[in-house]
Amino acid sequence: MKLRPHHLLCTQGYSGRGYSDAFVKNLNAITAYLRDDNNATITLVRCTDDICRACPHKLGDNVCTNNEKVQRMDDLVISYFGLQLRTYRYQDIIRQINHSITPSMLNHICGACQWYPISACRKNILGE
């Protein structure tokens, strides 16, 4: 499975809402797999990924209406957590991120996201 770096946070905070029915259906399947399979692996990419596949904002391969915003979030996740574009065991990378993330980091990364105020991000990632 391919994921953008900031989607490591989205998959934790996702709580069943999305841009469209197709997007929600796709993200339901992805998050169920990642949360339930302790051996799930992901490959970090800096382009449209498996979550983007059903997003109505996707205009083409690596093109979306929110490119600048999502690339900034990806850059921040890579920078804060020292990640590389390679394959990881999902549960391991999530533990690494959640061990070192602070409320100010999460707000810096996700503060401009429309889903942040209504998602379970703070609860699921920070334990608040």
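In this predicted model, the buried residues of helix α5 are covered by elements that include α1, α3, α4 and α6. The residues concerned are Met 105, Leu 106, Ile 109 and Cys 110. Around the helix axis they span an arc of only 105°, and they therefore lie on the same side of α5.

The axes of α3 and α5 are 9 Å apart and form an angle of about 155°; because angles over 145 degrees count as roughly antiparallel, the two helices, α3 and α5, are classed as roughly antiparallel to each other. On the side of α3, the contact is made by Arg 72, Met 73, Leu 76, Val 77, Tyr 80 and Phe 81, while α5 contributes Met 105, His 108 and Ile 109. By class, the contact of α3 with α5 comprises 7 nonpolar, 1 polar and 1 charged residues.

For Leu 83, when residues up to four places away in sequence are not counted, the contacts are with Leu 8, Leu 44, Val 77, Ile 78, Tyr 88, Ile 93, Gln 96 and Ile 97.

Two histidines, His 6 and His 7, were examined in turn. His 6 is placed in the loop between β1 (2-3) and α1, and with a relative accessibility of 5%, under the 20% cut-off, His 6 counts as buried. With residues up to four places away in sequence left out, His 6 touches Val 70, Met 73, Asp 74 and Val 77. Although His 6 and Val 77 are 71 residues apart along the chain, their C-alpha atoms are separated by 5.9 Å.

His 7, in contrast to the loop position of His 6, lies in helix α1, and at 7% relative accessibility His 7 likewise counts as buried. The residues touched by His 7, again not counting those up to four places away in sequence, are Asp 49, Ile 51 and Cys 52. Between His 7 and Met 73, which are 66 residues apart in sequence, the C-alpha to C-alpha distance is 9.2 Å.

Terms used
Residues numbered from 1 in each chain as written. Predicted model: local features only at pLDDT ≥ 70, side-chain atom pairs only at ≥ 80, totals over all residues. Heavy atoms only, no water. Contact = heavy atoms within 4.5 Å. Axes fitted to C-alpha atoms, helices over the stretch in contact; angles between N-to-C directions. Helix = DSSP H or I, 4+ residues; strand = E, 2+ residues; numbered from the N terminus. Parallel < 35°, antiparallel > 145°, perpendicular 65-115°, else oblique. Nonpolar A, V, L, I, M, F, W, Y, C, P; charged D, E, K, R; others polar. Buried < 20%, exposed > 50% of the residue type's maximum accessible area, 1.4 Å probe, protein only. Arc of directions from axis to C-beta.
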